[in-house]
Amino acid sequence: MTKLPKPLIDLALWTPVRTERANDGGNAVRRDPKVIVGAAIIREGRVLACARSAPPEVAGMWEFPGGKVEPGESETAALARECVEELAVRVEIGERIGRDVRMAHGRSVLKVYAARLLHDDQPQALEHSALRWLSAAELDTVTWLPADAPIVAALRPILAHAA
């Protein structure tokens, strides 16, 4: 039996917090990853799932609505803005759900928050091809984007408890 060499880094414990790129002088410049926020909008024990319409390689896959945090914008303000832009709804932002999920080779991080609709607003698919309300038992009936999958796992007991 061949003994494998011990890895230099325990990849399970290694999570880069910053990324680097070279500036004009060839020196490495550290920058924080871009923050992407998502909303797990929960109503009556169900969460809103949104089907991507683009780009083609992910069209038809499901995600939580949201988007990029702009410079000078808080995560919750960005999420409220994105829900208006994507779904034409106003939301109250709650607690974080799950962990930070690294995306785009560490250049971005996804943070998902629980949210609830305000003023009897009804979501409209302005930027998505479809919307579905899913119970805990229905979460696996759609194909989630890889970045959203860990959030789905963290959301399952929350939905089961809310039902």
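Start by selecting Val 47, Phe 64, Trp 144 and Leu 155: among the 23 residues of the largest nonpolar core, these touch the most other members. A nonpolar core here is a set of buried Ala, Val, Leu, Ile, Met, Phe, Trp, Tyr and Cys residues joined through side-chain atoms within 4.5 Å, with buried meaning under 20% relative accessible area (1.4 Å probe, protein chains only). Next, colour strand 3 (34-43), strand 4 (46-52), strand 7 (91-103), strand 8 (108-117) and helix 2 (149-162), each of which supplies at least two residues of this core. Helices (H or I, at least four residues) and strands (E, at least two) are DSSP runs, numbered from the N terminus. Helix 2 is the top contributor, with four residues.

A quick word on the source: this is a predicted model, where local features need pLDDT of at least 70, side-chain atom pairs count only at pLDDT 80 or more, and totals for chains, interfaces and linings use all residues. Residues are numbered from 1 along each chain as its sequence is written, and side-chain values use heavy atoms, leaving out hydrogens and water.

Now zoom in on Phe 64. Beyond its neighbours within four places in sequence, Phe 64 is in contact (heavy atoms within 4.5 Å) with residues including Ala 39, Val 47, Trp 144, Ile 151 and Leu 155. Then pick Ile 41, Leu 48, Cys 83 and Tyr 113, which belong to a second, separate core of 14 residues.

Over to Ser 108, in strand 8. Ser 108 counts as buried because its relative accessibility is 11%.

Note on methods: Buried means under 20% relative accessible area, exposed over 50%, partly exposed in between (1.4 Å probe, protein chains only).
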